[in-house]
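Let's take a friendly walk through this structure together. Have the sequence and the 3D view at hand as you read.

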Amino acid sequence: MSWEEKTFFGDNITTFCQSEDCTIYRMKDESGDGIMTAIKVFPGITLIYNDFHIQNCSSQFHTNADFLCIDFCREGRIEWKLDNDTYIYMKAGDLQINSRENHIQNFGFPLQHYHGISLVFHIEEAEIITKLYGGFSIDLATLSKKFCMLNRPFITQADEVIAHIFLEFYNIPNKIKDDYLKIKILELLLHLSVLEVPKNFDERPYYYKTQVEKVKAIQEFITKNLEEHYTLNELSEKFSIPLTSMKLCFKGVYGTSIYSYIRTYRMNKAAIMLKQTKENISEIAHKVGYNNSSKFASAFKAVIGKSPKEYRNSIV
């Protein structure tokens, strides 16, 4: 029985394109969808490009096969709920390694998008690489024990070499793609074989469920009331969360401060209105909380890179 026959991907995942070496999957729910482009590189080794525009997804993945799975976050954030009602987050530039043994759970995407790469090794089948390359000195089972025999997900900031390897997967000339993928995967495995598990890897900040729920309520409140401006003290009091806890947890969930988050959110909303409507700039400024057009223009340029007028004129 092959590893595919031992594995259930979930009834919320469909296949809409398939060839001998590439399968494209789609995960969809009411909050959005995600596209997973899976390329078979070696027997038992699959490279997956993940592109999600979704707020939450329910993973039903379970298997009786032994896996080693490596995930790299290029952009966005992923939220994991741990067994003790706490949450941890994977951010851009982070590396995560696990066996997919405990993958039946809900995952959150606080920024409503995630782009990254997953490498999936079916350990028994993938060991063939040691024969293909004349005694290639990587033992996948040993790597799995090194990183996966832990009480919580192994998530750490990817070092410069690992980050570079993953980013190179996005810039491969088609003429050499097959061979190039093989070389980069072998290079990654060699690097992981000498990578020490950081002694403080489990010191990554975690946040309690009650805190996370409150900062998510704060995010929903401020983004639905863009014309209003609230101080941090007002938000802390309104949602009954200590000021310091609110600031730390909000940044942990969304990757930035409340003020920075809402400014970026306002400017992106303004950019949509500039693109899709004929409203004048001062009206748009007011809708996103700016009564002063010059302050709005300055904030818009700082976030978007162009003045509102330049941005609107650049739209074809």
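This is a predicted model: local features need pLDDT of at least 70, side-chain atom pairs count only at pLDDT 80 or more; totals for chains, interfaces and linings use all residues.

Residues are numbered from 1 along each chain as its sequence is written, and side-chain values use heavy atoms, with hydrogens and water left out.

Begin at strand β10 (94-98); strands (E, at least two residues) and helices (H or I, at least four) are DSSP runs, numbered from the N terminus. Five of the five residues of β10 are buried, so the strand is largely enclosed by the rest of the structure. Buried means under 20% relative accessible area, with a 1.4 Å probe and protein chains only. D94, Q96 and N98 point one way, while L95 and I97 point the other.

Now look at the partners of β10; two strands pair if DSSP finds at least two bridges between them. β8 pairs with β10 in the antiparallel sense over four bridges, and I70 has I97 as its bridge partner. Strand β13 (residues 154-157) also runs antiparallel to β10, joined by four bridges, with Q96 opposite I155.

Next comes helix α4 (residues 160-168), whose buried residues are I162, A163, I165, F166 and E168. They pack against β8, β10, β12 and α5, contact meaning heavy atoms within 4.5 Å.

Finally, find N50 in strand β5 (residues 45-53). N50 is buried, with a relative accessible area of 6%. Among the residues that N50 touches, leaving out those up to four places away in sequence, are I35, Y114 and S118.

Note on methods: Buried means under 20% relative accessible area, exposed over 50%, partly exposed in between (1.4 Å probe, protein chains only).
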